[in-house]
Amino acid sequence: MSPRQKMINLMYLVFIAMLAMNMSKEVLSAFGFINEDLVESNKSLSLKNKNSYENLDTKAQDQVEKFGLLKVKADKIKSLSTDYYVYLEGLKTEMIEKIEDKSDYESMDKTDFLDAYFFKGDGFTVKGKEFVDRINSYKDGVVTVLGSDYGTLTSIVNKRFNTDSKGNIPWLKHRFEGFPMVASLTNFTKLQANIKNTENDILSSLLGGQLESDSKLTTNNYKGIVRLDKTAYFSDEKVTGQVVLGRYDSNLIPSKVTMNGRDITKSVKDGQVLLNMAAGSVGEKTIKGVITFIQDGKPEDIPFESSYTVIPEPNDVVISADAMNVVYRGVDNPVSISLPGVSSNKLIVRTTGGLITKRGSGWIIKPGRGTELTVNVSATLSSGKKVNSPKKFRVKDIPTAMGMIRGEFGVVRMPKTSIGRATISAGLPDFVFDLKLRVNKFTVKVPGQLAVTVNGTVFNAAAKRVLARARRGDQITIFDIEAVIQNNTSYKLNKVLPIIIEVSN
C-alpha cells in the first residue's frame, strides 16, 4: 500500500472516530434526559403512594376489623421500599459526588467508578455483593409480605427485580460493568421507579381487592331480607311486603347504635345489631333508631325503622327452669310453668321420674332415682284447641362438697396460733342453690402425729395437742369430713373433699 493510500485510510479512521464521538455524546445526553423523566415520575408516584397510605390509615382507623390486616401489610411494604429506595439514592449521590455540573451528562462517560466499586477481577467487591443482596432481599421481603393470596403481584415483583444470570454472564456484570456513569445512574433511577411502581401496585391491589370483595354478589356479602308490611296477619288476609338485598359484613362495625332513644352499641356482634328486649303489651310496636359509622374520619348516620305486633293468643306452652335446665336430687327445684291466656289453676301438670307440687305461683320438682325427668303440661284454650307439651329435664346429684376453714377451701395458709381457734365447715362453691351444710365430724392429721377424730365443727383438746406439735411449713390435713344439708338430713351427700392447712409461722 502506497504512503498516499495509507494517509487516506488514516484520515477515514479519524473521521469515523469523530462521528462515533459525536454520536456517543448524544446518547449520553439521551440517558440523562431519561433519568430526569424517571426522577420526576418517581416524585409523582411518591405523592400518589403517600395519599394511598394515608387513605388506608384512615380506613383502618374507621374499620380496624376490615382494613387492619391490610394496613399491617402496607406498613411492611412501605418500610422495605423506603429502606431500599434510600440505599439506591445514597449510591447515586456517592457515584456523581465529584461531578461539578450534575446536569452535564456528556461528562459522565467514564466507567471507572462502578467498575472499581462493584467488580474485582472476575468476581465482585463487598459493595457489589451488597448491591445484589439488597435487590434480592427487597424482592424476597415483598413476596413474603404478600403471601400466597397475591400470585399475580408476586410474579410482577419477581420479574421487576430479577437478578438471574444472562447465559454465563452474572446479572451484575451484564447490567453494570463497562457502562458509562450516566447509563448506570439511569439504571439506579429505574430501580427506584420499580420500587415506587411496586408500592403503587400493591396498594391498589390491597384497597381494590377489599372493595371488590365488598361489592361482589355472594352469599357471604349479601343476604335476601323479607320485609313484610306487617308481622301479624289474620287467616283471610293477604301477606304483603318486599324482598330486598341487604349488605352483610361481619367486619363492618358501627361506632354507635341507638334504638328507641337507648344506646345499644354493646349489642353489636359480627356486624349485626342483636335485638334482645321484652315484647311489651298487646298491640303494634315500633323499632326506630340510627346506626352511625365513621367514614373518612366523619360520622355517617343511617336510620332504620320497623314494627311488630304483639298478639295475645299463644300456640304452645312455655316452661323454664328457674335454676337452669337441670333439676337436682335432694333439693326443692323451683319451676315456672305458664300458658299465656290460660290461668295457672286450669293447667294440668304431671311428671314422670319424680314429684311435682304447686307452691305459690310456681311449682316444685323433687326428682326420683333416675337420670331424666319429664314434665307434661296440658290445657284447653278459649278457642277449644287442646295443647299438650312435654319438657324433659336432666337429673343430677348435688355436686361434691368441699371442706372449708375461714370460708376458704383447698390449700389454706394460716399461722399456727389461729388454727386451733378456727371452725371447720363445708360448702358447695358455685352451686346454683344456696344450701347450708352442717359438719358433724372430721379427722385432723399433723405430720408425724397420730390422726385425731373430732365430733362437731371445732377442734377438741386432743386435736389441739397434736396441732401444738406442728411446725412451720407443715401441711395439716382435715379429712373424713361428714356433713349434712341443714333441714334435710335424709339426703346423703357425696364424700366431702378435705382441706390442707399449711402452717405459715
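Guide: The bridge partner of Ile476 in β25 is Ile501. The model is a predicted one, in which local features need pLDDT of at least 70 and side-chain atom pairs count only at pLDDT 80 or more, while totals for chains, interfaces and linings use all residues. Residues are numbered from 1 along each chain as its sequence is written, and side-chain values use heavy atoms, with hydrogens and water left out.

Strands here are DSSP runs of E with at least two residues, and helices are runs of H or I with at least four, both numbered from the N terminus. Two strands are said to pair if DSSP finds at least two bridges between them.

Both strands belong to an open sheet of 5 strands with mixed pairing, whose order is β20-β25-β24-β22-β23. At its edges stand β20 (411-414) and β23, each of which pairs on one side only. From one strand to the next, the twist averages 25 degrees; the axes behind such angles are lines fitted to C-alpha atoms, for helices over the stretch in contact, and the angles run from 0 to 180 degrees between N-to-C directions.

β22 and β24 are paired in the antiparallel sense, over 7 bridges, and Lys441 has Glu482 of β24 opposite it. β22 is also antiparallel to β23, to which 4 bridges join it; here Phe442 faces Val454 of β23. These two strands form a hairpin with 6 residues between them, and within the hairpin Gly448 adopts a positive phi near 85 degrees.

Leu450 counts as exposed because its relative accessibility is 73%; buried means under 20% relative accessible area, exposed over 50%, and partly exposed in between, with a 1.4 Å probe and protein chains only. If residues up to four places away in sequence are not counted, Leu450 touches Val444, Lys445 and Val466, where a contact means heavy atoms within 4.5 Å. Its C-alpha atom is 9.8 Å from that of Ala463, a residue 13 places away in sequence.

Over 5 bridges, β14 pairs in the antiparallel sense with β17 (residues 372-380), where Val377 is the bridge partner of Val349.

The largest has 46 residues, and the most contacts inside it are made by Tyr84, Phe118, Phe131, Phe176 and Phe188. At least two residues of this core come from each of α1 (3-62), α2 (64-95), α3 (112-118), α4 (126-146), α5 (151-160), α6 (171-176) and α7 (181-215). Another core, of 38 residues, lies apart from it and includes Val331, Ile398, Met414 and Leu493. Phe131 touches residues including Tyr87, Leu91, Phe118, Trp171, Phe176 and Phe188, with residues up to four places away in sequence not counted.

In α5, Leu153, Thr154 and Val157 are buried. The buried residues of α5 line one face of the helix, because they fall within an arc of 100 degrees when seen down its axis; the arc is that of the directions from the helix axis to the C-beta atoms. Thr152 and Lys159, on the other side of α5, are exposed.

For the whole protein, there are 9 helices and 25 strands, and 35% of the 505 residues count as buried. Of the contacts between residues at least 6 apart in sequence, 61% join residues at least 24 apart. The accessible surface comes to about 30,500 Å², 53% of it belonging to carbon and sulfur atoms, by the Shrake-Rupley method with a 1.4 Å probe, where for residues only the protein chains shown count as cover.

Technical notes. Core = buried A, V, L, I, M, F, W, Y, C linked by side-chain atoms within 4.5 Å.
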